Amino acid sequence: MSAEAIFKGNVNQAICAFTFDDGPAQLPLELWLDVLEQEDAVGTFFFTGEWMNRYPDKAREILSRGHVLAPHTYYHRRMAQVPKSVFVEELQLTELAYQDATGLPCPSIMRFPYFSFEQENLEWLAELGYLDIEGFDSGDWDGGPAEGIIAKVEPKLDNGAIVVMHSNDIAKGTPEALRELIRIAKEKGLRAVGIPEILESVGIEVGYRPWKITVEVPAELDHPVDNWVAVKDDQVLYELAAQTVEWNIPQYTMQFTSEGEWLEHLETPLEESGVTEDRKLFTIQDNYGSYWGYVRAGYREDTLVLLDYAAKEAHADTLVYLLHWAVETASRLGLTRIEARRDIRRMNEMCRQLGWQSEIKEDQ
């Protein structure tokens with residue numbers, strides 16, 4: 001990976017990118033998303049890991065509406081002023097926040113807050129397989145009106161342009177300016193695309209850094225495994241599909257638009273992380289016909305791999321119920337480890353409280 005910042009895409013292609021830093025707390029994110037959708041444009045949102053932690057539903061909405069979400073550090077630090085250990089920690093914290101919020105691995109592109117970086121920071125990024133995405137400044141960070149933003153951006157809006165804007169509580173003029181700038185771009189024959197397409201135009205493919213948790217199977221369970229039953233027939237699967245649509249889980253909301261599509265997904269064995277789902281392990285938590293959780297799993301060598309799981313309630317103790325099921329199942333199969341890739345930080349904390357050995361590590 002090259003130790004340099006990317007400021008522009010291919011100047012021979014009629015594409016441009018509108019990008020947005022930070023993440024709003026008071027202003028609705030829809031102010032930006034609605035404009036992009038109405039103008040048939042793709043945006044790239046460089047948001048902090050702290051924001052993703054606070055608003056995981058909004059992080060998922062960005063992706064489900066066809067846009068790109070990428071890191072802007074975790075705490076919005078001036079990265080040129082921090083040591084390498086903090087630099088790496090900021091990225092890793094953001095990656096975990098991203099994966100826990102969306103269920104997807106974090107893309108290895110980022111933007112430095114305040115344009116604060118030195119050459120050694122770019123070299124540290126390259127070591128981690130990251131690229132820094134910059135561009136030209138719209139000046140919207142000062143909270144000025146749309147007219148001033150448009151006047152500054154329009155002359156530079158050409159082939160391969162990357163426009164640096166903001167989606168925060170200060171940039172009140174940005175949504176209005178964005179609408180006009182997208183229309184100006186169209187008049188110039190430009191198509192507004194996400195940063196991955198900008199990078200593709202110069203021969204660069206975006207990488208990803210996934211994480212996982214591994215749990216050592218304890219010798220004994222301290223509580224019984226209650227109310228978990230195998231999905232035994234099509235009728236149960238139909239009922240599960242209907243009920244889980246109402247749970248508003250990211251597995252459904254980010255990928256599917258109908259109960260029929262979701263049912264087809266549940267009917268099809270998963271193949272992920274080098275593991276094929278064992279359909280005999282497709283299990284639901286059944287409370288007298290009302291389903292409160294499900295898990296789909298497979299295994300390789302000595303490890304039970306939890307490929308997909310969700311619960312009706314968002315409480316962390318639902319992960320304890322899942323872990324109890326996983327330990328009982330792993331023990332029955334003669335396996336010694338459990339592996340998962342969703343809600344991994346909360347699962348790690350539940351393991352700590354249970355006194356079980358667990359570790360969060362990069363998913364090689």
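**Ground rules.** I number residues from 1 along each chain as its sequence is written, and I leave out hydrogens and water, since side-chain values use heavy atoms. Because the model is predicted, local features need pLDDT of at least 70 and side-chain atom pairs count only at pLDDT 80 or more, while totals for chains, interfaces and linings use all residues.

**Helix α4.** Helices are DSSP runs (H or I, at least four residues) and strands likewise (E, at least two), numbered from the N terminus. Gly103 follows α4 and has a positive phi, near 80 degrees.

**The sheet.** I traced seven strands in an open sheet with mixed pairing, in the order β13-β16-β17-β18-β19-β12-β20, where strands pair if DSSP finds at least two bridges between them. β13 (228–230) and β20 (358–362) stand at the edges with a single partner strand each, so one side of each has no neighbour in the sheet. I also looked up β17 (residues 290–300) and β18 (residues 303–311), which pair in the antiparallel sense over eight bridges; Tyr299 has Leu304 in β18 as its bridge partner.

**Contacts of α12.** Contact means heavy atoms within 4.5 Å. Residues of α12, including Leu319 and His324, meet residues of α13, among them Arg346 and Leu354. The residues of this contact divide into eight nonpolar (Ala, Val, Leu, Ile, Met, Phe, Trp, Tyr, Cys and Pro), one charged (Asp, Glu, Lys and Arg) and one polar (the others, Gly among them).
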